[in-house]
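Here is a short report on one protein chain. Keep the sequence and the 3D view open as you read.

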Amino acid sequence: MSATARLAEFVIKTTPRECPDAAVAQVRRAALDTLGVMLAGAGEPAAIAVRRVVSAESGTPLCTVVGTSLRAAPTWAALANGTAGHAHDFDDTNFALMGHPSAPLLAAALAAAEAETASGRDVVLAYLIGFEISAALGIALNPDHYTRGWHATSSIGTLGCAAAAAKILGLDAGQTRHALGVAASLASGLKENFGSMTKPFHAGHAARNGVFAALLAREGFTSSETALDGTQGYAAAFSQTKLGADAFDALGSRWQILASGIAVKPYPSCALTHAAIDALLALRTEHRLGADQVEDVEVGVNQVVPEVLRHNQPSTGLEKKFSMQFCAAEALATGRVEIASFEEGATGAGTRRLMDRVRMVVDPTLPDGLEQHAWSRVTVRLRDGRTLASPPRGASGHPDQPLTDAQLRAKFLGCATPVLGGDEAEGVAEQLAHLEDVPDIRVLTSRLAAALE
């Protein structure tokens, strides 16, 4: 059985009965988090630029563009919502994928579900299927795939989105194989674009292309049976790793949404900055530090980090999200790293002075597992001669340090309330707590429209 056929089999055969209750609970949390950051991101320049194209080019207005009054055809709504969901870089991550699973998956699933008048249960199942396929491909291809320069959110996530859309569209096994093969040719996304609008576009690109591939397959469009594991196929082109016969044996038995889990972001910046931010905020509070007390800061990181956090002297808000110098200095100088930290003109004098004192160095003693690539250690040298240190650690929000339900709800309300208003944001949060019981997904998506154009 080819890799494409094996994945298609998983898509077709998986039903809600096979999904553990704990996995469904994780989907509810992911939906709450993702829709919150999607609403918050709808007003960002990248999201606005995409919507201008959507408004001009879109066809039948079947689907909600979250946070706006605009409606669009499924592929265009998926593009707009996926981009908005990743616009602040506040959306969740998965260490097996080495990327962002939920923004593209939820954008694709909601668009397909609105078009097909599907239920919340259908969306939950589609999300789980797409998540498991994306994570399985990540385990098979990473870290080589990621370190080659591919942004797995899109270069792998496109196939997860195609699987999710195929499930909601009710494709048969043959059509699902073809959808996955088409998605393999549509998959792309370069890390060189980190720190620009193109990075959040990658999430929308994955969502749009996943839905597009499934729609094409439903109309009889074909692809190669060996599009994934052929000698000139997806795996050969995207990684030096071969897809072995056992690459997907764990699908449906070891659920990656529970095993590798979901990392929810407490800060709207690259996940590779978060362990250092946590450490510096803790040191600042414990020792009552001010920016003028700090002589220098050293942040030890994994070898994959410098190529990602490449903006040592950032000039835009998007570049600051991929700057250890900025994020570390902002944490120490202000005691917070939040959406407002990255707005134009928001950087204070204390942060600017500290940035030149922050050094990021590769520390070969740090653990090197996929789930530990985001670990950091921090040393702060003070002007009075003292040295403060935080040992190697992961970040809050990681699967082993999850945000509480109350913290996650607070994050959602902080993101959604400025767009929907307090009462409606609370109502949406309550509805998402029972997402699988929503009889028609349009009952939920109708509440996500707002005044933006």
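## A cluster of rings

W150, Y234 and F238 are joined into a cluster by ring pairs. This is a predicted model, and the count of aromatic pairs comes to six. One of them is formed by W150 and F238.

How enclosed are the members of the cluster? Y234 and F238 are both buried. F238 has a relative accessibility of 7%. The cut-off for buried is under 20%, and W150 has 21%, so W150 counts as partly exposed.

## Charges over rings

The charged end of R208 sits over the ring of F212, 4.4 Å from the ring centre. K411 lies over the face of F90, and there the distance to the ring centre is 4.0 Å.

In what order do the four strands of the open sheet run? The order is 4-3-5-6, and the pairing is mixed. Strand 4 (358-362) and strand 6 (387-393) stand at the edges. Each has a single partner strand, so one side of each is left without a neighbour in the sheet. From one strand to the next, the twist averages 15°.

Now take the pairs in turn. Strand 3 (residues 294-301) and strand 4 pair in the parallel sense, over five bridges. Within this pairing, V361 of strand 4 is the bridge partner of G300. Strand 3 also pairs with strand 5, in the antiparallel sense and over seven bridges. D296 stands opposite R381 of strand 5.

Strand 5 and strand 6 are antiparallel too, with five bridges. The bridge partner of V380 is L388 in strand 6. These two strands form a hairpin with four residues between them. In this hairpin, G385 takes a positive phi near 95°.

## What surrounds the sheet

Is strand 5 enclosed or open to the outside? Five of its seven residues are buried, so strand 5 is largely enclosed by the rest of the structure. Helix 16 (residues 324-334) lies across strand 3, strand 4 and strand 5 (376-382). Helix 16 runs at about 130° to strand 4.

## Helices against helices

Helix 2 (residues 21-41) packs against helix 5 (residues 102-116). The angle is about 90°, and the axes are 10 Å apart. That angle makes helix 2 roughly perpendicular to helix 5. On the helix 2 side, the contact is made by A30, A31, T34, L35 and M38. On the helix 5 side, S102, A103, L106, A107 and L110 take part.

Which residues of helix 1 (residues 3-13) are buried? They are A3, T4, A5, L7, A8, F10 and V11. Their cover includes helix 6 (120-141), helix 9 (157-169) and helix 10 (173-186).

## A buried glycine

G99 lies in the loop between helix 4 (74-86) and helix 5. With a relative accessible area of 5%, G99 is buried. Apart from neighbours within four places in sequence, G99 is in contact with D92, T93, N94 and T153.

How far apart are G99 and H151 in sequence and in space? They are 52 residues apart in sequence. In space, the C-alpha to C-alpha distance between G99 and H151 is 7.0 Å.

Methods:
Residues are numbered from 1 along each chain as its sequence is written. This is a predicted model: local features need pLDDT of at least 70, side-chain atom pairs count only at pLDDT 80 or more; totals for chains, interfaces and linings use all residues. Side-chain values use heavy atoms; hydrogens and water are left out. Two strands pair if DSSP finds at least two bridges between them. Axes are lines fitted to C-alpha atoms, for helices over the stretch in contact, and angles run from 0 to 180 degrees between N-to-C directions. Contact means heavy atoms within 4.5 Å. Rings of Phe, Tyr and Trp (its six-membered ring) pair if their centres lie within 6.5 Å; planes under 30 degrees apart count as stacked, over 60 as edge-to-face and the rest as tilted. Buried means under 20% relative accessible area, exposed over 50%, partly exposed in between (1.4 Å probe, protein chains only). A charge sits over a ring if NZ of Lys or CZ of Arg is within 6 Å of the ring centre and within 35 degrees of the ring normal. Angles under 35 degrees count as roughly parallel, over 145 as roughly antiparallel, 65 to 115 as roughly perpendicular and the rest as oblique.
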